[in-house]
Amino acid sequence: MARTAFVGLGVMGYPMAGHLVKHGHEVAVFNRTFAKAEAWAAEYGGRACRTPREAAEGAEIVFCMVGDDPDVRSVVYGADGILAGMATNAILVDHTTASADLARELAQACSAEGKHFIDAPVSGGQAGAVNGVLTIMCGGAEEPFARAEPVMRAYGRQITLIGGPGAGQLTKMVNQICIAGLVQALAEAVNFAIRAGLDTDKVLATISKGAAQSWQMENRWKTMVEDKFDFGFAVDWMRKDLRIALEEARRNGAPLPITAAVDQLYRLVQMKGGGRWDTSSLIKNLREG
Ligand code: NAP
């Protein structure tokens with residue numbers, strides 16, 4: 001059993017940290033809004049800390065799950081940050097979806113102090129976190145990965161070391177590129193089925209057994225028909241992820257014409273007030289616009 005810390009108890013971090021306790025690990029938590037850390041500690045019995053540094057002190061592995069690059073930097077660096085509290089040889093595992101540049105920067109910052117870093121963004125959404133079945137894409141060295149992997153199994157079903165620092169974040173970009181175009185195609189298909197006057201339940205039951213099947217189809221078709229988007233993976237987060245992927249593509253030269261177009265379609269959803277809606281809300285552009 002490991003001594004761990006978890007920084008960032010949002011939609012994803014809260015249940016992930018809970019799974020660590022359920023699997024017998026010791027967990028100290030930090031959350032910017034302290035009341036959430038207290039609520040978590042009351043529910044799971046771990047220790048709520050006032051600073052990331054305090055949480056990281058004495059931990060063999062420190063997990064982090066915040067928002068974007070600047071948020072990660074704000075909890076890692078500084079006198080009250082994670083790095084200041086981490087012991088030599090301890091491992092920082094960042095589950096935030098962030099840039100590959102940040103992952104390489106943090107790997108260097110940790111290594112300069114005799115500590116380890118693994119970038120480990122996840123896929124599987126809120127349900128994957130609650131049910132402990134996330135897919136985790138990792139970048140880093142083999143030795144710390146071998147130590148962290150059994151602990152991450154508390155909430156991960158598929159956990160893979162893809163390559164060196166940044167490889168996890170790059171893989172998450174590949175994941176989001178796959179999803180962006182697919183969700184727009186799904187939105188167009190659902191809208192087409194409605195306008196054609198088809199029984200959408202029958203259409204779903206049939207084509208989800210054929211070559212058009214996807215996770216998005218099985219999990220989002222019905223709620224798209226019902227115009228329900230108050231759950232799931234927020235459009236604001238998706239735009240952050242697409243920005244990171246588009247920036248990386250500008251550097252490596254990969255053309256992303258569909259991804260760039262879908263990013264702009266998500267911008268239209270934000271302008272409708274849908275920043276916190278699930279990403280399947282792309283259909284709003286078709287049904288109202
Ligand atoms: P969330 O519910 O908005 O939670 C964000 C967490 O980060 C909160 O605990 C927040 O603290 C903390 N935080 C944000 N900025 C901070 C800062 N500057 N300093 C300190 N703490 C800060 O987000 P989430 O849905 O859990 O997503 C977290 C990450 O996972 C994102 O990178 C997202 O892209 C990724 N992700 C999300 C999903 C999903 O389905 N939700 C799926 C895969 C990956 P407060 O409580 O004080 O606000």
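Y155 touches F6, M16, H19, L20, F63, H95, G128, G132, V133, L134 and I136, leaving aside residues up to four places away in sequence; contact here means heavy atoms within 4.5 Å. The model is predicted, so local features need pLDDT of at least 70 and side-chain atom pairs pLDDT 80 or more, while totals for chains, interfaces and linings use all residues. Residues are numbered from 1 along each chain as its sequence is written, and side-chain values use heavy atoms, without hydrogens and water.

Y155 also belongs, with F6 and M152, to the residues that have the most contacts inside the largest nonpolar core, a set of 34 residues. Such a core consists of buried Ala, Val, Leu, Ile, Met, Phe, Trp, Tyr and Cys residues joined through side-chain atoms within 4.5 Å; buried means under 20% relative accessible area, exposed over 50% and partly exposed in between, with a 1.4 Å probe and protein chains only. Among the elements that each supply at least two residues of this core are α1 (13–22), β4 (61–64) and α8 (142–152). The largest share, five residues, comes from α2. Helices (H or I, at least four residues) and strands (E, at least two) are DSSP runs numbered from the N terminus.

Ring pairs link Y155 with F6 and F63 into a cluster. Rings of Phe, Tyr and Trp (its six-membered ring) pair if their centres lie within 6.5 Å; planes under 30 degrees apart count as stacked, over 60 as edge-to-face and the rest as tilted. The structure holds five aromatic pairs. F229 and W277 form a tilted one, 6.5 Å centre to centre with 35° between the planes.
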